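Reader: Hello! I am new to this structure and would like to walk through it with you. Could we take it one question at a time?

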Amino acid sequence: KISGQIRDESKAGIANVVVVLISPSGTVLASTTDSEGNYSFNVAPSQRTYRVIPSKDGYTFAPVDKAFAGLHEDQKDIEFIGTSNRSP
């Protein structure tokens, strides 16, 4: 399992962020964050790399993505920080 949270600079969760998971075989899975910014994927252990990428209109995320090679155990608390690109 790969899970985590997407938050803004004030540590508040960001809802409705599309989180894409690219599997070692190239399969693309998508999840949407809940009202508290949480997401999760159930994945099979692999020697190869999984890649997680968040996306939401009007936001930039840091880091842009995260990669996990040699996934043998759950990856928890994988966080991204979203910054709004919209003018106040």
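This is a predicted model: local features need pLDDT of at least 70, side-chain atom pairs count only at pLDDT 80 or more; totals for chains, interfaces and linings use all residues.

Reader: What share of the contacts with a separation of 6 or more comes from residues 24 or more positions apart?

Author: Contacts here are pairs with heavy atoms within 4.5 Å. Among those in the protein chain with a separation of 6 or more, residues 24 or more positions apart account for 51%.

Reader: How many helices and how many strands does the protein chain have?

Author: Reading from the N terminus, the elements run β-β-β-β-β-β-β-β. The count for the protein chain is therefore zero helices and eight strands.

Reader: Which radius of gyration does the protein chain have, and what would a compact globule have?

Author: The C-alpha trace spans about 45 × 20 × 15 Å along its principal axes. For 88 residues, a compact globule would have a radius of gyration near 12 Å. The protein chain agrees with that, at 13 Å.

Reader: Which residues touch the most other members of the largest nonpolar core?

Author: This core has 16 residues. E1, E2 (18–22), E4 (38–41), E5 (46–55), E7 (66–71) and E8 (75–84) each supply at least two of its residues. Across the protein chain, buried residues make up 32% of the 88 residues. The core members that touch the most others are Ile 2, Ile 6, Val 19, Leu 21, Tyr 39, Val 43 and Val 52.

Reader: Let us pick Val 43. Which residues does Val 43 touch, not counting those up to four places away in sequence?

Author: Val 43 is among the members of the largest nonpolar core that touch the most others. Not counting residues up to four places away in sequence, Val 43 touches Lys 1, Ile 2, Leu 21, Tyr 50 and Leu 71.

Reader: Is Pro 54 buried or exposed?

Author: Pro 54 has its place in strand E5. Setting aside residues up to four places away in sequence, Pro 54 touches Ile 6, Val 17, Val 18, Val 19, Phe 61, Val 64 and Phe 80. Its relative accessible area is 7%, so Pro 54 is buried.

Reader: How far apart in space are Pro 54 and Ser 25?

Author: In sequence, Pro 54 and Ser 25 are 29 residues apart. From C-alpha to C-alpha, their separation in space is 20 Å.

Reader: Is Gln 5 buried or exposed, and which residue's backbone oxygen lies 2.6 Å from a polar atom of its side chain?

Author: Gln 5 sits in strand E1 (residues 2–8). Its relative accessibility is 19%, and because buried means under 20%, Gln 5 counts as buried. Beyond its neighbours within four places in sequence, Gln 5 is in contact with residues including Gly 13, Tyr 39 and Phe 80. The backbone oxygen that lies 2.6 Å from a polar atom of the Gln 5 side chain belongs to Glu 36.

Reader: Which residue's backbone nitrogen lies 2.9 Å from a polar atom of the Ser 46 side chain?

Author: Ser 46 is in strand E5 and counts as buried at 15% relative accessibility. Leaving aside neighbours within four places in sequence, Ser 46 is in contact with Pro 24, Gly 70 and Leu 71. The backbone nitrogen in question is that of Arg 48.

Reader: What is the angle between the planes of Tyr 59 and Phe 61?

Author: The count comes to two aromatic pairs. One of them joins Tyr 59 and Phe 61, with 6.1 Å from centre to centre. Tyr 59 counts as partly exposed at 24% relative accessibility, whereas Phe 61 is buried at 8%. The pair is stacked, and the angle between the planes is 20°.

Reader: Which residue has its charged end over the ring of Phe 80?

Author: The charged end sits 5.6 Å from the centre of the Phe 80 ring. The residue is Lys 66.

Reader: Where is the cis peptide bond that has omega near -10°?

Author: Most peptide bonds are trans. Pro 63 lies in the loop between E6 (59–62) and E7. The cis bond runs from Ala 62 to Pro 63.

Reader: What phi does Asn 16 have, and what phi does Asp 77 have?

Author: Most residues other than glycine have a negative phi. Asn 16 lies in the loop between E1 and E2 and counts as exposed at 54% relative accessibility. Asp 77 is in strand E8 and counts as exposed at 66%. Neither is a glycine, yet Asn 16 has a positive phi of about 60°, and Asp 77 has a positive phi of about 60°.

Definitions and conventions: Residues are numbered from 1 along each chain as its sequence is written. Side-chain values use heavy atoms; hydrogens and water are left out. Helices (H or I, at least four residues) and strands (E, at least two) are DSSP runs, numbered from the N terminus. Buried means under 20% relative accessible area, exposed over 50%, partly exposed in between (1.4 Å probe, protein chains only). A polar contact is a pair of N or O atoms within 3.5 Å; within protein, one must be able to donate a hydrogen and the other to accept it, and residues adjacent in sequence count only if both atoms are side-chain atoms. Rings of Phe, Tyr and Trp (its six-membered ring) pair if their centres lie within 6.5 Å; planes under 30 degrees apart count as stacked, over 60 as edge-to-face and the rest as tilted. A charge sits over a ring if NZ of Lys or CZ of Arg is within 6 Å of the ring centre and within 35 degrees of the ring normal. A nonpolar core is a set of buried Ala, Val, Leu, Ile, Met, Phe, Trp, Tyr and Cys residues joined through side-chain atoms within 4.5 Å. The radius of gyration is taken over C-alpha atoms; the globule rule is 2.2 Å times the number of residues to the power 0.38.
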